[in-house]
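Have the viewer ready and try each task before reading on.

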Amino acid sequence: MSTLNSGRLRLALLALPAVVLLLPFLLAVVFVLRFSFSADTQAIDGFSLERYLGLLDPFFLRSVVLTLKLAALSTVICLVLAVPVAMLMAVITQPIWRRVVTSLILLPMILNLLIQSYGWIMVLGPNGIINGVLLKLGLLDRPVQLLFNEIGVLVGLVQTALPLAVFPILGSMRAISAQYLEASASLGAAPWRSFRDITLPLLKPGLIGAASIVFAFNASAFAVPLLLGGRRVQTMGVAIRDMISPMFDWAGAAAAGVTLIAITLATLMAATWLSTRTTQWQGAR
């Protein structure tokens, strides 16, 4: 009995830092949830569903559709780019080069989003690098608008979220036994067929996990859509910011925030369920 109590105490002590870190976040979520049902727009007073009914406005619904669209597109692009990067990192054996590649992949997570966004403004702007090169090559008569539209926001979302896709896929890549690929090659399978029939199916848990993380991250993005999209790309993050200021509809912003949290949690739960089913299906085979 004393051993059991000692084990429980040790587990509680190990969980204490996580509880301390999560408690402020959970309290903030509860506060926002209560504020979303407030009858007053700027204070918690009474109870009303008016803020949630207001989210059915066509303007906000367009923001929801645009947010999901950009999050889905950026997720697909990140997965396509992350798979070859993860394959490259998996075959690197020298520690120095592995650290160099890892540092380069993590660079978007280290640099401030403001610096990254202004860097993309210099690259994608009318007088930026891309337009300058295309104009000098004679491929364009005038600069192409790559900023303050969905293209610029999509580029920024992909660049900032790519590390979140690489490392889950890398974990699944390293779990694949080299014997599978050796057996496939000994049977005369081409490299592309080994990738399609062996590597890709075994990567499904990592792909699902990476997709869920990237989608949730980009669906809640605020800085990148605001800086690279301006007022022309009204994602949910930008719409919530506008509700807070200059509209001062704090209760409406709380309702929109709760909706965004619900979408994110639903995505993560669906990905967890799908990953579990995929793992069980592969184990049954």
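## Exercise 1: Salt bridges

At 39% relative accessibility, Asp 197 is partly exposed (buried means under 20% relative accessible area, exposed over 50%, partly exposed in between, with a 1.4 Å probe and protein chains only). This is a predicted model, in which local features need pLDDT of at least 70 and side-chain atom pairs count only at pLDDT 80 or more, while totals for chains, interfaces and linings use all residues. Residues are numbered from 1 along each chain as its sequence is written, and side-chain values use heavy atoms, with hydrogens and water left out.

**Task.** Find out which residue meets Asp 197 in a salt bridge, and then look at the pairs of Glu 150 and Arg 241.

**Solution.** 

1. Start with the criterion: a salt bridge is a side-chain nitrogen of Lys or Arg within 4 Å of a carboxyl oxygen of Asp or Glu. Side chains of opposite charge can pair when their charged atoms come close.
2. The structure holds five such bridges.
3. For Asp 197 the partner is Arg 196, at 3.0 Å from N to O. Arg 196 is partly exposed too, with a relative accessible area of 42%.
4. Glu 150 pairs with Lys 69, and their closest N and O atoms are 3.0 Å apart. This pair links distant parts of the chain, 81 residues apart: Glu 150 sits in helix H7 (residues 150–175) and Lys 69 in helix H3 (residues 58–91). Helices are DSSP runs (H or I, at least four residues; strands are E, at least two), numbered from the N terminus.
5. Both ends of that pair are partly exposed, Glu 150 at 33% and Lys 69 at 40%.
6. Arg 241 meets Asp 242 at 3.5 Å, N to O. Here Arg 241 is partly exposed at 32%, whereas Asp 242 is buried at 11%.
7. Finally, salt bridges with shared partners join Arg 193, Arg 196 and Asp 197 into one network.

## Exercise 2: Helix packing around H9

**Task.** Work out how H9 is oriented towards H8 and towards H10: which residues make each contact?

**Solution.** 

1. Axes are lines fitted to C-alpha atoms, for helices over the stretch in contact, and angles run from 0 to 180 degrees between N-to-C directions.
2. Helix H8 (residues 178–186) packs against helix H9 (residues 191–202) at about 165°, with the axes 10 Å apart.
3. Angles under 35 degrees count as roughly parallel, over 145 as roughly antiparallel, 65 to 115 as roughly perpendicular and the rest as oblique. H8 and H9 are therefore roughly antiparallel.
4. The contact (heavy atoms within 4.5 Å) is made by Tyr 180, Leu 181 and Ser 184 of H8 and by Ser 194, Ile 198, Thr 199 and Leu 202 of H9.
5. Sorted by class, that contact of H8 with H9 has four nonpolar, three polar and no charged residues. In this scheme Ala, Val, Leu, Ile, Met, Phe, Trp, Tyr, Cys and Pro count as nonpolar, Asp, Glu, Lys and Arg as charged, and the others, Gly among them, as polar.
6. Now turn to helix H10 (residues 204–219): the axes of H9 and H10 come within 4 Å and cross at roughly 55°. The two are therefore oblique to each other.
7. Leu 200, Pro 201 and Leu 202 of H9 meet Lys 204, Pro 205 and Leu 207 of H10. This contact of H9 with H10 has five nonpolar, no polar and one charged residues.

## Exercise 3: The whole chain

**Task.** How many helices and strands does the chain have, and what share of its residues counts as buried?

**Solution.** 

1. The secondary structure comes to 13 helices and zero strands.
2. Of the 285 residues, 34% count as buried.
3. Along the principal axes, the C-alpha atoms fill a box of roughly 80 × 70 × 35 Å.
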